[in-house]
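Notebook open, model loaded. I wanted to look up a few spots and jot down what turned up.

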Amino acid sequence: MDFTKIIEPLNDAQRAAVTAPNRAMLVLAGAGSGKTRVLVHRIAWQIQVEGIPAHSILAVTFTNKAAREMRQRIEQLLNISTHTMWIGTFHGLAHRLLRRHANAAKLPDTFQVMDSADQLRVIKRIVAAMNLDEGRWPPKQIQWFINAQKDEGKRARHQLESGDFYLRQMLAVYKAYEETCDRTGLVDFAELLLRVHELMRDNPDLLDFYQRRFLQVHVDEFQDTNTIQYAWLRLLTEGKDNLFVVGDDDQSIYGWRGARIENIFNFQKHYKNHELIKLEQNYRSTGNILNAANKVISMNEARMGKELWTNAGDGEPISLYAAFNELDEAYFVVERIKAWVNEGGLRSEIAILYRSNAQSRQFEEKLMSTGTPYRVYGGLRFFERAEIKNALAYLRLMANRHDDASFERVINTPARGLGAKAIEDIRLLAKEQEVSLWQASALLVEQKAPSPRARTALAGFMDLIERLSQETGELELYQKVELVNEHSGLVYLYQTEKGDRGEEKLENLVELINAARLFDAEQENEENLSELDLFLAHAALEAGDMQGDDFDDCVQLMTLHSAKGLEFKLVFMVGMEEGLFPAQQSADDIIRLEEERRLCYVGMTRAMRQLYLTYAESRRIYGRENYPKSSRFIREIPPELIQEVRLRGSINRPGNPINTTGFKVQSHRFNLGQRVGHAKFGEGVVLQIEGEGAQERAQINFKQAGVKWLMLNYAQLEAL
Ligand code: ATP
Ligand code: MG
């Protein structure tokens, strides 16, 4: 048996982890030290050398993209199909188990997963039905509360009736929400995890079956597991000590969403015979990048403490660019991308990382206008677009008539003459009778209760769904989608919508047909689920996978959070400003600030060869001009590792029109972005110039004195 391919590309510590006998193991190591590599090679080793059957492997990773990469890497190593292995995200695997055992999990066979926007809509409806004031009981806050409860494994009924008025009210909404979800067969993301934990806990036979089946359980990015995920892992490996986890406390970035770094300590307590392996060599980044990242993270107090080294050489210094506004920032980044590609680099080797999704737009526009292919992860995902959700709502109703969220969504889209009154009647009856909206509609039609016009419309709608579901039964999935698009009237609706948006929506509907055609239920479908069910779950669980292909050569745009575990030769971390990163709310709270700093560490350590940090000296947020300070994280990097890039001259050349905000690009005295000195205010940067001749004024951001408008004739500014 030749297993050199598995162990040769590993260092000693990695090899020890890969080949260790089956027992609980914790690989705790910094970024880029080969944790994921170890996990993949260990799976390969177990199959090839230990003879563990592929279907006994369970591996949990954090994103769908990471799961796909893991499969590919195992397939490359072993030349076997990974179809029978259970490799996926916590949510994906939980969904799979719940489908298999829906009845034992007390769910209807037709249950549907809802994303967080759907969840919010359901909560809003409940808040309204309970006559609560949305101002005092913001639905988003309630959503947060409910999910946090679920992440901790708590049901509404578990809580004592004590607690203050606020808590009791929140629990009352939580309870009503649970009842609605149960009645309508809807499952939110947090519920997937909680439900699967309860399923295993309350069904000893089932638990026994899976404990025997999964001979080894692997977890990547263990530092970001939450209470309920860890509890589930413990159940699965109880008494067998066959849990293999890799992680890095310095990369824990989901505390705000319930992740528990304590799980690392708990693991060490619970699995007494575990082996702890540390990896210290970084194989990803140059010395400069690694040293800078090490320095930044060393500012955190709460850490287990470890240093990484590399023998890759120093490489280029970290480049810092101070843009004078957000347009300049985007312009700069895209210029650098062009240069990289001109020198023979690939676009797919480049990532633009930002703190929040809304920051992508500026870069998208610039990339688009220069014809540079790019792909955005997250953001308004394909499956979250209104037109797509409409089409999916029809499909979901075909799968489960009691899906109230979908019912509400399309009962009058396209408009079929059902007014607000008619819909309110349906809601009221549903509430009164404790039935789904669908059942309530059937009752109303039967009792001939609503006006004749509304009755005809309602009966027509129900008939449409029934017919669609019967007539498309035998068709291929993509044909189903095609028919739904047509017969639902959505195609006609968008054809007749004015402007470009209608066109775009139509294109997206066509794209949905394509998505259905290409949809390949990657995992072996032991559950005999219909393709439609699998597709709908995919739509709810998958993140932004529709824009371009993974393998297309395009620039990758994503939040720092979604970059975890990935690597790119060239990385831009943009918007490095106080208030953006660290985010405003985190600056004064040490715990949150440290999480932001870990996020910065994650971002920096994605870079293999070259890292750019950029910030804007003036940024328009919600239509208002802001003058942020550069991020403290920049100042935490030793200055000798940083090289400031100045590109001002080229920005202001005629023919580089960045002047889309309505101000002058150039005055005969000063350029935008130019550094100037003032006798009283000191050094500053020119942000805007207005007026002519004696009226000419400039807005200047002074380092010490802040932003000022000055008349140029009097100010006696000096160019620096
Ligand atoms: P992160 O903490 O960011 O998830 P990681 O610890 O999981 O990082 P990997 O992604 O597994 O690290 O590895 C980082 C890079 O180093 C990858 O390109 C990997 O192929 C490479 N690498 C890992 N170990 C070795 C090794 N022994 N020899 C050569 N290259 C290696
Ligand atoms: Mg990794």
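Predicted model: local features only at pLDDT ≥ 70, side-chain atom pairs only at ≥ 80, totals over all residues.

**Around the ligand**

I started with ligand 1: it has 19 residues around it, and Lys 35, Thr 36, Arg 37, Glu 567 and Arg 606 come nearest.

Next I looked up polar side-chain atoms against the ligand's oxygens. Lys 35 puts one 2.6 Å from an oxygen atom of ligand 1. For Arg 606, I got 2.7 Å from a polar side-chain atom to an oxygen atom of the ligand. Arg 284 also turned up, with a side-chain N or O atom 2.8 Å from an oxygen atom of ligand 1.

**Two helices**

Then I went to helix 18 (residues 420-433) and helix 19 (residues 437-446), whose axes come within 8 Å and cross at roughly 105°. Angles of 65 to 115 degrees count as roughly perpendicular, so I put helix 18 down as roughly perpendicular to helix 19. Who makes the contact? From helix 18 I listed Asp 425, Ile 426, Arg 427, Leu 429, Ala 430 and Gln 433; from helix 19, Leu 437, Ala 440, Ser 441, Leu 443 and Leu 444. Sorting the residues of that contact gave me seven nonpolar, two polar and two charged.

Last, I traced an open sheet of five strands, in the order 21-20-19-18-22, with antiparallel pairing. Which strands sit at the edges? I found strand 21 (706-711) and strand 22 (718-719), each pairing on one side only. Strand 20 (residues 697-702) runs antiparallel to strand 21, and six bridges join them. I followed one from Arg 697: its bridge partner in strand 21 is Met 711.

Note on methods
Residues numbered from 1 in each chain as written. Chains lettered and ligands numbered in written order. Heavy atoms only, no water. Axes fitted to C-alpha atoms, helices over the stretch in contact; angles between N-to-C directions. Helix = DSSP H or I, 4+ residues; strand = E, 2+ residues; numbered from the N terminus. Parallel < 35°, antiparallel > 145°, perpendicular 65-115°, else oblique. Contact = heavy atoms within 4.5 Å. Nonpolar A, V, L, I, M, F, W, Y, C, P; charged D, E, K, R; others polar. Pairing = 2+ DSSP bridges. Near = heavy atom within 4 Å. Polar contact = N/O pair within 3.5 Å; in protein donor to acceptor, adjacent residues only side chain to side chain.
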